[in-house]
Amino acid sequence: MAAHVGRLERFVAWVLRNADVVVALGIAMAVGLLDIFGDVISDDVSSGATLVVLGLLATGSIVERVRRPASIQEAMSGTRQALEDLAMVRSLSGNEVGEALRKARQHTNLWYFKGGTGTYLRAVTLPLCVAAAKEQRSQLNVKIDIVNPADERACAAYARFRQMFGGQRRGDDVWTTDRVRRESYATVLAACWYQRQLTTLEISVHLSAAVPTLRFDLSETCLIITQDDQSRVNLLVERGQPLYDYYVTELHQSREQATVLDLRVASPLGQEPTVDEVRTLFDDLRLPLPRVFTDSDIGKIIEKALHAEDPYRR
């Protein structure tokens with residue numbers, strides 16, 4: 001019964017959409033049949049009916065032409081939407097990366113990072129976001145996901161990856177397993193130090209055994225995906241696009257599978273932490289520094305943590 005009603009509704013709708021043609025067809029058939037079998041209409045009436053039919057057909061043609069641009073407009077609108085969806089990922093190159101990161105830092109209360117050792121994060125992102133939160137007296141939520149410095153296999157794999165694909169800038173130290181460990185330790189130390197600089201800072205550090213090939217910086221406005229080799233194309237995804245939400249989930253899942261540090265148990269640090277303070281801090285975090293690390297090595301970690309150089313300025 002429902003199917004029958006549905007077919008009837010579709011038929012009525014079709015008749016209403018094509019009323020001009022239906023009326024013309026009805027008149028033509030009626031006049032034709034009367035003329036053939038009834039012989040009751042005059043030639044004048046027959047000619048008039050013919051003109052009426054032609055007029056209705058002409059009207060139908062005009063209506064169809066009016067409808068067609070509307071269909072074209074609908075098609076163009078769909079195409080435009082598809083192109084906009086494609087444009088949800090914008091490529092960045094050269095200085096555009098630094099500018100995109102600068103804009104991403106504006107008006108954000110969260111920053112999620114996933115990458116190798118977090119050099120740019122501790123050199124630029126973390127200090128500037130903390131300074132902005134201080135100035136605005138706002139809350140700041142930072143989540144960091146980096147290579148576990150205690151995982152020698154992961155550090156060695158990341159060092160090989162950087163040597164092979166990262167590109168070597170003039171004056172840079174060669175990426176080795178020890179350098180990866182020191183850089184990751186420095187990011188952990190920076191997280192602890194900045195946590196004490198801003199009471200409204202909620203920061204967590206997650207240590208991963210997996211080696212990332214891309215870096216992800218996610219703020220409240222966008223996601224920026226970069227590579228270690230600056231000559232390659234990087235990507236920007238605005239918030240509101242499906243891909244942004246996909247990566248929010250992806251980064252969350254990555255952190256869930258990593259080892260999270262309990263920064264609350266870390267010992268206090270001075271404004272300029274000493275070697276002993278740093279050793280104690282990592283012991284508290286159950287992430288002890290390797291015994292082979294000398295005081296000089298730890299001094300370099302402190303330098304990298306609090307006075308890191310912006311890698312994009314070189």
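Is Asp310 buried or exposed, and at what relative accessibility? In this predicted model, Asp310 counts as buried, because its relative accessibility is 14% and the cut-off for that class is under 20%.

Let me place this residue for you. Asp310 lies in the segment that follows helix H10, residues 295-306. Setting aside residues up to four places away in sequence, Asp310 touches Tyr120, Ala123 and Val124. Asp310 and Leu121 are separated by 189 residues in sequence, yet their C-alpha atoms are 9.1 Å apart in space.

I turn next to helix H10 itself and its packing with helix H9. Two packed helices are described by the angle between their axes and by the distance between those axes. For H9, residues 275-284, and H10, the angle is about 80 degrees and the axes are 10 Å apart. The two helices are therefore roughly perpendicular to each other. On the H9 side, the contact is made by Val275, Val278 and Arg279, and on the H10 side by Asp295, Ile298 and Ile302. Sorted by class, this contact of H9 with H10 has four nonpolar and two charged residues, and no polar ones.

What is the nearest side chain of opposite charge to Arg182, and how far away is it? That side chain is Asp297, 4.5 Å away. Arg182 is buried, yet has no salt bridge; the cut-off for a salt bridge is 4 Å. Again leaving out residues up to four places away in sequence, Arg182 touches Phe293, Asp297 and Ile301.

Terms used: Residues numbered from 1 in each chain as written. Predicted model: local features only at pLDDT ≥ 70, side-chain atom pairs only at ≥ 80, totals over all residues. Heavy atoms only, no water. Buried < 20%, exposed > 50% of the residue type's maximum accessible area, 1.4 Å probe, protein only. Lys, Arg positive; Asp, Glu negative; His and termini not counted. Contact = heavy atoms within 4.5 Å. Helix = DSSP H or I, 4+ residues; strand = E, 2+ residues; numbered from the N terminus. Axes fitted to C-alpha atoms, helices over the stretch in contact; angles between N-to-C directions. Parallel < 35°, antiparallel > 145°, perpendicular 65-115°, else oblique. Nonpolar A, V, L, I, M, F, W, Y, C, P; charged D, E, K, R; others polar.
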